[in-house]
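This briefing goes through one protein structure, topic by topic. Look over the sequence and the structure first, then read the points below.

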Amino acid sequence: MRRKLAAGNWKMNGTSESLAEIDTLIKEHAEAGCDMLICPPATLIHRMADAAKDTNLAVGGQDCHAETSGAHTGDISAVMLRDAGASHVITGHSERRVDHGERDETVRAKTLAAIEAGLTAIVCVGESLKEREASNTLDIIAGQLSGSIPDTVTGQNLVVAYEPIWAIGTGKVPTLDQIGEVHDYMRSRLERRFGAGVARSVRLLYGGSVKAGNAAEIFGVSNVDGALVGGASLKAADFGPIVAALSASS
Ligand code: PEP
């Protein structure tokens, strides 16, 4: 069975004092019935990983370079993330695809580097509003899945997050039917490519304006194995109820 995952993406938010949020989360959700993950900015990974040692909270990066080391000013490799205490890394977030011009080939190379470094990659896919309105959502998802995921994945080293770009940070959420349609489709695409064994063990997260108020209904949708949460992951008081809703749905 797939264990549910509540993952938080802090994006470019958080300084030393934010680590107190992690202490609260760990204290209040030590018995959570799902996995918990926070991906803080790179500056906090080491300290957060230390604070979360021997707890049920995992720590991840938000991006990695495709190479192990070299002349890439400002970048961080998957090996470095692992060395700092991360167990996961997000690849292909739409803010990287849009702000940094990352294409599927780049995301695939980063995902491969993450897997080779022993990390679990959370590969993000999702359509723009224009693509949804043109009824191209499933084609976009199919292209991103085949272009961004390398051949060597397993149910342990791959998580896929469906994040419609128009739902990120906007308060807009697709209907439950729309979420279900995409998640069922992603499962079937993965099955076709990797076989049922692998495909059925890959966790599929929904991301985009998940909050305490809508989490339970989203977690009731078929093939939704958790959430990737941005804004509502910054405070334990907001993320905690999402963790609780996911635990209750498990
Ligand atoms: C995200 O950026 O991954 C995200 C889902 O953000 P938010 O929850 O703030 O919409």
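Is R203 buried or exposed? The model is predicted, and in it R203 is buried, because its relative accessible area is 13% and buried means under 20%.

**R203 and its partner**

- R203 belongs to strand 7, which covers residues 203–207.
- The side chain of R203 is in polar contact with the side chain of D35, at 2.9 Å.
- R203 therefore counts as a buried residue, at 13% relative accessible area, and its side chain has a polar contact with D35.

**The ligand and its surroundings**

- The ligand is surrounded by 14 residues, and the closest are K11, E163, G169, S209 and G230.
- Sorted by class, this shell consists of four nonpolar, eight polar and two charged residues.
- In the side chain of K11, an N or O atom is 2.5 Å from an oxygen atom of the ligand.
- For G169 the atom in question is a polar backbone atom, which is 2.7 Å from an oxygen atom of the ligand.
- S209 also takes part through its backbone, where an N or O atom lies 2.8 Å from an oxygen atom of the ligand.
- On its own the ligand exposes 300 Å², and the protein buries 97% of that area.

**The largest pocket**

- The volume of the largest pocket is about 500 Å³.
- Its lining is made up of 20 residues, and those nearest the centre of the pocket are K11, Q62, D63, R96 and H100.
- Two elements give two or more residues to this lining: helix 2 (42–51) and helix 4 (94–99).
- Helix 4 has the largest share, with three residues.
- Sorted by class, the lining of the largest pocket contains eight nonpolar, six polar and six charged residues.

**The largest cavity**

- How many cavities of 30 Å³ or more does a search of the whole structure find? The search finds one.
- The volume of the largest cavity is about 30 Å³.
- The residues that line the largest cavity are G92, H93, S94, R97, C124, V125, G126 and E163.
- At least two residues of this lining come from helix 4, and at least two come from strand 5 (120–125).
- By class, the lining of the largest cavity has two nonpolar, four polar and two charged residues.

**Two residues with positive phi**

- K11 is not a glycine, yet its phi is positive, near 50°.
- K11 sits in the loop that runs between strand 1 (5–9) and helix 1 (19–28).
- S135, which is not a glycine either, has a positive phi of about 60°.
- S135 is found in the loop between helix 6 (129–133) and helix 7 (137–148).
- Why does S135 count as exposed? S135 is exposed because its relative accessible area is 66%, and exposed means over 50%.

Notes:
Residues are numbered from 1 along each chain as its sequence is written. This is a predicted model: local features need pLDDT of at least 70, side-chain atom pairs count only at pLDDT 80 or more; totals for chains, interfaces and linings use all residues. Side-chain values use heavy atoms; hydrogens and water are left out. A residue is near a molecule or strand if one of its heavy atoms lies within 4 Å of it. A polar contact is a pair of N or O atoms within 3.5 Å; within protein, one must be able to donate a hydrogen and the other to accept it, and residues adjacent in sequence count only if both atoms are side-chain atoms. Accessible areas come from the Shrake-Rupley method with a 1.4 Å probe; for residues, only the protein chains shown count as cover. Ala, Val, Leu, Ile, Met, Phe, Trp, Tyr, Cys and Pro count as nonpolar, Asp, Glu, Lys and Arg as charged, and the others, Gly among them, as polar. On a 1 Å grid over the protein atoms alone, a cavity is a set of points where a 1.4 Å probe fits but cannot get out, and a pocket is an open set with protein on both sides within 12 Å along at least five of seven lines; lining residues have an atom within 4 Å of a point. Grid points are joined across faces, edges and corners, and a volume is the space filled by probe spheres set on the points. Helices (H or I, at least four residues) and strands (E, at least two) are DSSP runs, numbered from the N terminus. Buried means under 20% relative accessible area, exposed over 50%, partly exposed in between (1.4 Å probe, protein chains only).
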